[in-house]
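Subject: Structure for your files

Hello,

Here is the structure you were to receive, with notes on what was found in it. Please open it alongside this message.

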Amino acid sequence: MGSKEIEKLRNKNPKAISDLYDQYSPALYGIILRIIKSHSKAEAILEHTFLKIIKEIDTYNKITTFFTWMCSIARRLAAESVTPNTPEKVSADELLMESQLISKDYETLTKGMEIASKEVLNLIYIQGHSLHETSRRLGMPLEKVKIQMKIAFGHINKILQSDKKIFINMTLIFPLLIQF
């Protein structure tokens, strides 16, 4: 994120705020979900994270990258929401079953997908990297990363349209489809 974009955020420019959310919400959601383990709670923390980012944008200094600064806010809010004295009301079996279903859905949705598209999808939505980080990691121009994401979404859409019986965890897929 460049200085001009950050200045627009400081001026509360609605387009800049929307672009920020579009670009970074999947990565921040992944970070939060790893801590929270509940999709509904993670979504609430994600919303709170963006509100806090906009509220505290003037405190951002360029010691770290903007993305690292946002990640630290997301991690802090997620950690604060987890109270160690309150046991989670989800059994280990339920968590295992949910993770297996998500894994199965991901495998089903990516079967036959181009390798480049699958790598990009994995880095952004499974590992939680931003578009720019993915571009750097793969040595791929940013525009090509975006193209690969669109190809991945096209592949996913074909599968969803061709087989309505596939169980899809919508908390995994919905953010993918609204991103691009």
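Contact here means heavy atoms within 4.5 Å.

Some notes on the source come next. This is a predicted model, in which local features need pLDDT of at least 70 and side-chain atom pairs count only at pLDDT 80 or more, while totals for chains, interfaces and linings use all residues. Residues are numbered from 1 along each chain as its sequence is written, and side-chain values use heavy atoms, with hydrogens and water left out.

Overall make-up

The protein chain has nine helices and zero strands; read along the sequence, the pattern is α-α-α-α-α-α-α-α-α. Helices (H or I, at least four residues) and strands (E, at least two) are DSSP runs, numbered from the N terminus. Of the 180 residues in the protein chain, 39% are buried. Buried means under 20% relative accessible area, exposed means over 50%, and partly exposed is in between (1.4 Å probe, protein chains only). Among contacts in the protein chain with a separation of 6 or more, 64% are between residues 24 or more positions apart.

Axes are lines fitted to C-alpha atoms, for helices over the stretch in contact, and angles run from 0 to 180 degrees between N-to-C directions. Angles under 35 degrees count as roughly parallel, over 145 as roughly antiparallel, 65 to 115 as roughly perpendicular and the rest as oblique. A crossing is left-handed if the near helix is turned anticlockwise from the far one by less than a right angle, and right-handed if clockwise. For residue classes, Ala, Val, Leu, Ile, Met, Phe, Trp, Tyr, Cys and Pro count as nonpolar, Asp, Glu, Lys and Arg as charged, and the others, Gly among them, as polar.

H2 with H4: the axes of helix H2 (residues 14–36) and helix H4 (residues 66–81) come within 9 Å and cross at roughly 40 degrees. H2 is therefore oblique to H4, and the crossing is right-handed. On the H2 side the contact includes Leu-20, Tyr-24, Ala-27 and Leu-28, and on the H4 side it includes Phe-66, Met-70, Cys-71 and Ala-74. By class, the contact of H2 with H4 has 15 nonpolar residues, one polar and one charged.

H2 with H3: these axes come within 9 Å and cross at roughly 135 degrees, so H2 and H3 are oblique to each other. Their crossing is right-handed. Among the residues that meet are Leu-20, Tyr-21, Leu-28 and Ile-32 in H2, and Leu-46, Thr-49, Phe-50 and Ile-53 in H3. The contact of H2 with H3 divides into 15 nonpolar, three polar and two charged residues.

H3 with H4: the two pack at an angle of about 130 degrees, with their axes 9 Å apart. This makes H3 oblique to H4, and H3 passes H4 in a right-handed crossing. The contact includes Ile-45, His-48 and Ile-53 of H3 and Trp-69, Met-70 and Ile-73 of H4. The residues of the contact of H3 with H4 comprise nine nonpolar, three polar and two charged.

Two residues in H3

Leu-46 is placed in helix H3 (residues 39–55). Leu-46 counts as buried because its relative accessibility is 6%. Leu-46 and Ala-78 are 32 residues apart in sequence and 8.7 Å apart in space, C-alpha to C-alpha.

Ile-53 is also found in helix H3, and at 0% relative accessibility Ile-53 counts as buried. Leaving aside neighbours within four places in sequence, Ile-53 is in contact with Leu-20, Leu-28, Phe-66, Trp-69, Met-70 and Ile-73. Between Ile-53 and Leu-9 there are 9.3 Å in space, C-alpha to C-alpha, and the two are 44 residues apart in sequence.

Aromatic rings

The structure holds five aromatic pairs; rings of Phe, Tyr and Trp (its six-membered ring) pair if their centres lie within 6.5 Å. Tyr-60, Phe-66 and Trp-69 form one aromatic cluster.

Loops

Lys-12 is in the loop between helix H1 (3–10) and H2. Lys-12 has a positive phi of about 60 degrees although it is not a glycine, and with a relative accessible area of 39% Lys-12 is partly exposed. Lys-37, in the loop between H2 and H3, has a positive phi of about 70 degrees and is not a glycine either.

Regards

Terms used
Rings of Phe, Tyr and Trp (its six-membered ring) pair if their centres lie within 6.5 Å; planes under 30 degrees apart count as stacked, over 60 as edge-to-face and the rest as tilted.
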